[in-house]
Amino acid sequence: MSDTYGVFTLGDALITFNPSETGPLRYVTGFTRKVGGAELNFAIGCARLGLHTKWASRLGGDEFGRVIYNFARGEGVDMTDVKFVEGYPTSLNFKEIREDGSGKTFYYRYQSPILTMEPTEITAEMFKGIDIIHLTGVFLAIDPKNLAITKRVLEIAKQLEIQVSFDPNIRLKLWTIEQARAAYVEILPSVDILLTGLDEIELIIGDASNEALEKCAADFSIGHLVIKDGGNGARVFTKGVWHQKEAFKVTPVDTVGAGDGFDAGYIYSVLHGYSPEQSLEFANGVGALVTTVSGDNEGLPYLEEVQSLVRKEKVIER
């Protein structure tokens, strides 16, 4: 059952092929098909927590497009603003895993269906019942035109007084850091909640000291500047004060999607009026649970699973 809060996100999705064996990709003969994509992972994370979640996207009018559509719909994501596009193949990526655990990802995104989305297609009607809009840098990186689409979303958000969260999610395979900075400068003045990794924010503003982060929050009027730092936990600068929470102790098997899960958890907690510490704890719990399962979104937890982890940890702390 979805609760009364609504979340909106938009972006590309991909079919991910995970290798059935380790080693250079040219020697791998078998793969497992999965579904991935930063914004879709976020949407699924929110839906599993019980939020009414709407995802806007474009999918190829092909079999893989149907796989993604049916998967997301099955997770309870509102697919009203997802359209199929003929002549544009659904994006793919292939993962390579070496014997030492290291890996690479090979993207096949040429002529992605998301390229057909136009700013004029973004209408106020799409945001009926939406309380927070979540955007990421991945969508911005795919094509320069997506900045205009994003700015259209932000314009409507301002008109309708909807909060905006943003995860830079830097993908330097898709664009340069200079291009990313130029786009972010246009986006950040409209952002209420910034969810970023420590290394990412250092790339963006050139300094990860508390003073630099506080100046960034002040310069762009960011209400929540959230720093995700993996096993070191997370912290947030809000209303002039830093709050911090340690990470949960789990045995990670796959960190892919943990940041997207954290974002979903933080947004859920903000919508439900949690304190800064409670928000960080809840989001850390979601991120931790994601890492205990292999896959882009397979480990995204349901609400009761996060609540159980958080309660259990509190008992231990006593």
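## Helices α8 and α9

Helix α8 crosses α9 in a right-handed way (the near helix is turned clockwise from the far one by less than a right angle). This is a predicted model, where local features need pLDDT of at least 70, side-chain atom pairs count only at pLDDT 80 or more, and totals for chains, interfaces and linings use all residues. Residues are numbered from 1 along each chain as its sequence is written, and side-chain values use heavy atoms, with hydrogens and water left out.

Helix α8 spans residues 258-271 and α9 spans residues 276-290. Helices here are DSSP runs (H or I, at least four residues), numbered from the N terminus. The two axes come within 7 Å and cross at roughly 150°. Axes are lines fitted to C-alpha atoms over the stretch in contact, and angles run from 0 to 180 degrees between N-to-C directions. α8 and α9 are therefore roughly antiparallel (over 145 degrees; under 35 is roughly parallel, 65 to 115 roughly perpendicular, the rest oblique).

Residues of α8 that meet α9 include Phe262, Tyr266 and Val270. On the α9 side, Leu280, Phe282 and Val286 are among them. Contact means heavy atoms within 4.5 Å. The contact of α8 with α9 has ten nonpolar, six polar and no charged residues. Ala, Val, Leu, Ile, Met, Phe, Trp, Tyr, Cys and Pro count as nonpolar, Asp, Glu, Lys and Arg as charged, and the others, Gly among them, as polar.

## Helices α1 and α8

Helix α8 also meets α1, residues 38-48. Their axes come within 8 Å and cross at roughly 45°. α1 and α8 are therefore oblique to each other. The crossing is right-handed.

Ala38, Asn41, Phe42, Gly45 and Cys46 of α1 touch Asp260, Asp263, Ala264 and Ile267 of α8. By class, this contact has five nonpolar, two polar and two charged residues.

## Helices α4 and α5

Helix α4 (residues 146-160) packs against α5 at about 15°, with the axes 11 Å apart. The pair is therefore roughly parallel. From α4, Leu147, Thr150, Lys151 and Leu154 make the contact; from α5, Ala183, Glu186 and Ile187 do. Four of these residues are nonpolar, one is polar and two are charged.

## The second largest pocket

Leu147 and Ala183 also line the second largest pocket. Trp175 and Asp143 are among its other lining residues. Helix α3 (137-142) gives the largest share of the lining, three residues. The lining has eight nonpolar, one polar and one charged residues.

Methods: Helices (H or I, at least four residues) and strands (E, at least two) are DSSP runs, numbered from the N terminus. On a 1 Å grid over the protein atoms alone, a cavity is a set of points where a 1.4 Å probe fits but cannot get out, and a pocket is an open set with protein on both sides within 12 Å along at least five of seven lines; lining residues have an atom within 4 Å of a point.
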